Amino acid sequence: MSKLTRKDLYSLEEYSAMRDDYRKKIMAHKENRRLELGKHILLSFEDKLIMQYQVQEMLKAEKIFDAAGIEEELAAYNPLIPDGNNWKATMLIQYPDVAQRQKELARLIGIEDQIWVQVDGFDKVYAIADEDLERDNAEKTSAVHFLRFELDNDMVTAVKTGAAISAGVEHENYQAIVSPVAGNLRDSLASDLA
């Protein structure tokens, strides 16, 4: 999947005029790229269209229109676009009650390294988490993590030819499995691969 360039972006004026319809399109697209692992973990698989939306929103919010500022935003968001042999996801740990969330984040230290995907017939692939910066410490993990699942060429071929995909988490304080990943999400993940 190619990275975003300035040519892919709308001007602030163009984007303001189309924003409402564009946002609806993106929200529908994102809905097909979400995977719940149990009640409290959500993986949102990223792609170029979603990152374009994120960049457009940042440019609008910050009123960035100069080339250097646009390039800075592209540099921040392009690493979240899959590059043909991987999937990239934002992981959200979701507990509505603030006190419970703080307690659970303390219990779930290291969970980001225990998230996996598996192509039928192959070993599990564990996430490479938070390559940009550490998001946990000795007291708690973060509620948001950025994950990359790196696949080998045989796995890519298998997915593109219809192999089932499963996903899960194996933390001592939280376990969940989705097997198989179905429907629109499975199709979206296959389309992300080279």
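In this predicted model, the count comes to 4 aromatic pairs.

Start with tyrosine 10 and tyrosine 22. Their rings are edge-to-face, with 6.0 Å centre to centre and 75° between the planes. Tyrosine 10 sits in the segment before helix 1, which runs 12-31, while tyrosine 22 is within helix 1, so this contact ties together parts that are 12 residues apart in sequence. Tyrosine 10 has 32% relative accessibility and counts as partly exposed. Tyrosine 22, at 5%, counts as buried, because buried means under 20%. Both tyrosines belong to one aromatic cluster, made up of Tyr10, Tyr15, Tyr22 and Tyr53.

Next, the phenylalanines.

Phenylalanine 45 and phenylalanine 149 make a tilted pair, 6.4 Å centre to centre and 40° between the planes. What does this pair tie together? Phenylalanine 45 is in strand 2, residues 41-45, and phenylalanine 149 is in strand 7, residues 144-150, so the pair links parts 104 residues apart in sequence. Phenylalanine 45 is buried, at a relative accessible area of 1%, and phenylalanine 149 is buried too, at 0%.

Now the charge over a ring. Lysine 124 lies over the face of tryptophan 116, and the distance from the ring centre is 4.4 Å.

On to the backbone. As background, most residues other than glycine have a negative phi, and most peptide bonds are trans. Here are the exceptions I want to show.

The peptide bond between serine 179 and proline 180 is cis, with omega of about -5°. Proline 180 is in the loop that runs between strand 9 (174-178) and helix 6 (183-191).

Then there is positive phi. Lysine 63 is not a glycine, yet its phi is positive, about 50°. You will find lysine 63 in the loop between helix 2 (48-62) and helix 3 (67-77). Is lysine 63 buried or exposed? Its relative accessibility is 63%, so lysine 63 counts as exposed.

Aspartate 130 also has a positive phi, near 50°, and is a residue other than glycine. Its place is the loop between strand 6 (128-129) and strand 7. At 6% relative accessibility, aspartate 130 counts as buried.

Definitions and conventions: Residues are numbered from 1 along each chain as its sequence is written. This is a predicted model: local features need pLDDT of at least 70, side-chain atom pairs count only at pLDDT 80 or more; totals for chains, interfaces and linings use all residues. Side-chain values use heavy atoms; hydrogens and water are left out. Rings of Phe, Tyr and Trp (its six-membered ring) pair if their centres lie within 6.5 Å; planes under 30 degrees apart count as stacked, over 60 as edge-to-face and the rest as tilted. Helices (H or I, at least four residues) and strands (E, at least two) are DSSP runs, numbered from the N terminus. Buried means under 20% relative accessible area, exposed over 50%, partly exposed in between (1.4 Å probe, protein chains only). A charge sits over a ring if NZ of Lys or CZ of Arg is within 6 Å of the ring centre and within 35 degrees of the ring normal.
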